[in-house]
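Please look over the sequence and the structure before reading on.

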Amino acid sequence: MPITESPHRTKIFIASVSVLLTIAVVAVIVAYQGRPTARAGIKGTVVLDASSPLNTGSGYLVYKTTVAGPDFGTLAERRLSGAATTVTGVPTLSSIQCDRSYTAAGILLCLRADGNLVRVADVEVYDRNLKPIKKLQAAGIPNRARLSADGRMAAWTTFVAGDAYNGPAFSTRTSVLDLKTGALSDSIESFAVTLQGKPYHAVDENVWGVTFAADDNTFYATLGTGGRTWLVRGDVAARTLTTVTDNVECPSLSPDGKSIVFKKRVSDDAWKMWRLEVLNLTTMAETPLAETRSVDDQAAWLDDHTVMYAVPQTSGSGYDVWSTPADGSGQPSLLARDAFSPSVTSG
């Protein structure tokens, strides 16, 4: 008997690919409007400063610009100021285009779809001067990208047609690469799963949204199976995934390794589906953040006490990056307009 897609799983997929479909629509609009001429910043030298520790205010915000025009998709950077929670100056534009990117310790991971969007993603790694040091290809649509804090470990997630257990739908494929040894785990869905203390295997397993711990071996990710999502703790060397708690998607580990910011499913309404929360890994207490909009993104840490994430513009076709305190206090603050897939050079 064929396995049938559950409504919950279908909604997870629809919500997760919405960002990518919006980006594709923006590209069509740009073409239809006859090449908008708005510039997203000034061309210049982008250097990934790996020496700036968190909270010094001397690092840079790195992101993909979503300004509709000749710079759309270009990697840009702006200097962080104050307590590293505001940016200053005009964006500096690189010569690199990414659909998803992440930087840490002077390394840049860049995912870029090919012209057909749904077939192949280019996975490129650059050094601090944006010189290419590694390139490979992955099947599917770029969706998530992460590096470990020291820049050694890289992970990416794509949406792939044809892998799904029920036929024509999409599924995820997540890969982990050790940039020091070159060891590649092409799909961590092959890792052995322990679910609620028992060995587990099912044909509908999907894993996405990796975030690394400081030891370059431990990681966290989302496991989707049986109509539920789980936070899993992964072990690269042992090739294992162990569930921690449920209803956690797209985790991002704090710089001190004590907390995870994630998106929690709180509604079946596609416009109100997600709520950003922070999980204390010691007490397992969850704290809803002040951001009440539905955020379909893998949030990142701006500094030890602040998270950042992309939100669709209400009066435009692009995205803006917002930040909010990680303890649930305060209120969301606009960090950078026309920005997507943010990270900071300080790792």
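Is Asp 178 buried or exposed? Asp 178 counts as buried, at 10% relative accessibility, where buried means under 20% relative accessible area, exposed means over 50%, and partly exposed lies in between (1.4 Å probe, protein chains only).

This is a predicted model, in which local features need pLDDT of at least 70 and side-chain atom pairs count only at pLDDT 80 or more, while totals for chains, interfaces and linings use all residues. Residues are numbered from 1 along each chain as its sequence is written, and side-chain values use heavy atoms, with hydrogens and water left out.

**Salt bridges overall**
- A search of the whole structure finds 13 salt bridges, each being a side-chain nitrogen of Lys or Arg within 4 Å of a carboxyl oxygen of Asp or Glu.

**Asp 178 and Arg 152**
- Asp 178 forms a salt bridge with Arg 152, with 2.7 Å between the closest N and O atoms.
- Arg 152, for its part, is partly exposed, at a relative accessible area of 27%.

**Glu 124 and Arg 112**
- A salt bridge also joins Glu 124 to Arg 112, whose closest N and O atoms are 2.7 Å apart.
- Glu 124 counts as buried at 6% relative accessibility, whereas Arg 112 is partly exposed at 22%.

- Asp 268 pairs with Arg 265 in a salt bridge, the closest N and O atoms being 2.9 Å apart.
- Asp 268 counts as exposed at 53% relative accessibility, while Arg 265 is buried at 11%.
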